[in-house]
Amino acid sequence: MMKQQLLDAQSALEQLRSRRGDEFYPDFHLAPPAGWMNDPNGLIYFNGYYHAFYQHHPVNADWGPMHWGHATSKDMIRWHHELIALAPGEEYDRDGCFSGCAVDDNGVLSLIYTGHVWLGDEGDDSAIREVQCLATTTDGIHFRKQGVVLTPPDGIMHFRDPKVWREDNIWWMVLGARDASDTGQVLLYRGTSLRDWQFDRVLAHADYGDSYMWECPDFFRCGKHHYLMFSPQGMQPDGYQYRNRFQSGTLRGHWQPGTVFAQTQKFQELDHGHDFYAPQSFTAQDGRRIIMAWMDMWESPMPSKQEGWAGCMTLPRELFERDGRLCQRPVRETALLRRESTPVTSGILHGKKVLAENCGATELEIIWNTAESHAECYGIRLGNAMELYADNQQKRLILWRYNPGDNSNSYRSIALPAGEQLTLRVFIDRSSAEVFVNDGDATLSSRIYPQPGARELALFADAGSAVISAGTLRKLG
């Protein structure tokens with residue numbers, strides 16, 4: 001039997017879904033049926049299906065008491081919404097089932113999540129209690145809470161977002177924390193079971209004053225290195241870096257069970273767009289390391305709230321190392337979306353070249369000859385909502401967006417890659433753009449909100465000419 005909290009949440013969600021608007025609702029990204037979505041949780045391949053859970057408020061499109069939404073897929077691309085998996089209501093999670101993970105415990109699909117309680121007023125982060133909890137299922141859909149399995153150490157109040165894996169017949173868990181000096185850190189635990197945990201060590205921590213909380217940690221091997229992936233809060237902007245409200249990125253290093261994490265590289269941002277947070281990794285059926293992230297950002301414009309929903313996930317991305325660098329490319333399963341392909345004519349571009357009068361779900365791949373492109377700027381334009389262009393004066397690749405709803409505009413950018421070619425692979429949905437640069441050397445992900453009737457997709461070269469080496473426009477379905 002579903003508990004009353006779950007029944008009430010599911011009923012509220014279905015009522016909200018019945019009147020949801022679809023102008024900005026994605027065609028091929030995972031989004032909630034209605035209501036609010038943030039962090040991906042519990043990403044796992046289990047018994048023939050990929051499972052994606054997520055932070056969810058099913059009552060309206062604003063953040064609220066966190067539930068766990070749930071979707072399943074055979075291919076990571078086409079998702080089916082399941083019943084809400086978790087609802088707050090126990091003494092230990094009455095104010096929220098916060099972020100966590102999923103594992104296969106000897107054939108039992110098990111969720112490990114943070115139970116959140118406000119000790120003072122709702123929303124007052126200065127007085128909270130956070131514990132780690134367990135829930136299990138026998139059918140993959142209905143979950144039974146098993147209670148608290150880990151409480152915070154003395155002096156730690158912010159203690160959340162467990163990520164668990166099994167290695168050398170031992171369970172391991174990383175957790176985000178905030179110490180008494182308001183400094184972010186990741187704690188490492190080891191366990192003989194999912195109910196029995198012992199503190200191992202502080203795996204990594206911020207320099208004092210650098211960031212006050214490290215959320216949503218993940219720890220995995222990729223290529224020749226281990227990567228600690230997390231979302232630090234409180235980092236200050238530094239030139240072109242760290243321009244979002246909060247960041248997400250990795251520390252690279254080497255690790256073996258029972259040893260320190262020997263870092264070999266400072267913090268590197270994972271994505272350079274406006275909207276990318278709380279990435280979580282999992283292992284695909286064939287062993288690829290895949291991540292998905294929340295493609296939104298705290299305190300950013302969300303016009304979709306007027307339609308009764310907010311938040312979506314990035315496409316699943318395969319992580320791989322190239323020359324010691326962590327790179328990302330869309331999973332090959334994205335080819336399942338392709339419906340119709342049109343070549344983009346190579347040659348010299350002056351002014352504007354229209355590719356689509358009304359751009360819907362689209363994948364655009366284009367190769368620019370940067371050595372022969374002398375325009376002040378050249379690239380891709382979607383209506384008046386988005387431009388992705390190379391700026392020859394700044395020597396940067398810029399993703400600019402304009403939101404008519406609040407008349408705001410801003411941009412994010414990276415240094416133009418070295419070499420004579422710039423390959424851009426761009427996935428455009430109803431309210432998002434994901435950009436993959438030079439087969440995963442860099443990515444930029446941003447939510448965009450083109451107005452109805454203003455979705456012309458065009459190439460452009462301003463104040464000079466640009467050279468197109470090759471390109472393909474694909475309609476997606």
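Here is a walk through this predicted model, taking in its pockets, one of its sheets, some aromatic contacts and a few single residues.

The largest pocket has a volume of about 630 Å³. Its lining is made up of 28 residues, and those nearest the centre are Trp 63, Asp 125, Glu 215, Gln 233 and Trp 298. If you want to find this pocket by its secondary structure, look for S1, strand S5 (97–105), strand S6 (108–118), strand S9 (158–167) and strand S13 (213–222), the elements that give two or more residues to the lining. Sorted by class, the lining of the largest pocket holds 10 nonpolar, eight polar and 10 charged residues.

The second largest pocket comes in at about 530 Å³. Here 27 residues form the lining, with Gln 268, Glu 269, His 272, Arg 325 and Asp 441 nearest the centre. The elements giving two or more residues to this lining are S15, strand S16 (262–269), S21, strand S28 (408–415) and strand S31 (442–447). S16 gives the most, with five residues. By class, the lining of the second largest pocket divides into 11 nonpolar, 10 polar and six charged residues.

S21 turns up again in a sheet. Four strands make up an open sheet in the order S17-S18-S20-S21, and their pairing is antiparallel. Which strands stand at the edges? They are S17 (277–283) and S21 (325–330); each has a single partner strand, so one side of each has no neighbour in the sheet. On average, neighbouring strands of this sheet are turned by 40° against each other, ignoring direction.

Next, the aromatics. The model has 27 aromatic pairs. One of them joins Tyr 25 and Trp 309, an edge-to-face pair at 5.0 Å centre to centre with 75° between the planes. Tyr 25 lies in the loop between helix H1 (4–17) and S1, while Trp 309 belongs to strand S19 (residues 309–310), so the pair ties together parts that are 284 residues apart in sequence. Both of these residues, Tyr 25 and Trp 309, are buried. Elsewhere, one aromatic cluster is formed by Trp 165, Trp 172, Phe 219, Trp 255 and Phe 261.

Now for some backbone angles. Most residues other than glycine have a negative phi. You'll find Asn 47 in the loop between strand S1 (35–46) and S2. Tyr 242 also has a positive phi, about 60°, and is not a glycine either. Its place is the loop between strand S14 (225–233) and strand S15 (249–254). Are these two residues buried or exposed? Asn 47 has 63% relative accessibility, so it counts as exposed. Tyr 242 has a relative accessible area of 10%, so it counts as buried.

Finally, take Tyr 54, which sits in strand S2 (residues 49–57). Tyr 54 is buried because its relative accessible area is 2%, and the cut-off for buried is under 20%. From Tyr 54 to Leu 382 the separation is 328 residues in sequence and 30 Å in space, C-alpha to C-alpha.

Key:
Residues numbered from 1 in each chain as written. Predicted model: local features only at pLDDT ≥ 70, side-chain atom pairs only at ≥ 80, totals over all residues. Heavy atoms only, no water. Buried < 20%, exposed > 50% of the residue type's maximum accessible area, 1.4 Å probe, protein only. Pairing = 2+ DSSP bridges. Axes fitted to C-alpha atoms, helices over the stretch in contact; angles between N-to-C directions. 1 Å grid on protein atoms, 1.4 Å probe; cavity = no way out; pocket = protein on both sides within 12 Å on 5 of 7 lines; lining within 4 Å. Points joined across faces, edges and corners; volume = space filled by probe spheres on them. Nonpolar A, V, L, I, M, F, W, Y, C, P; charged D, E, K, R; others polar. Phe/Tyr/Trp six-rings, centres within 6.5 Å; stacked < 30°, edge-to-face > 60°.
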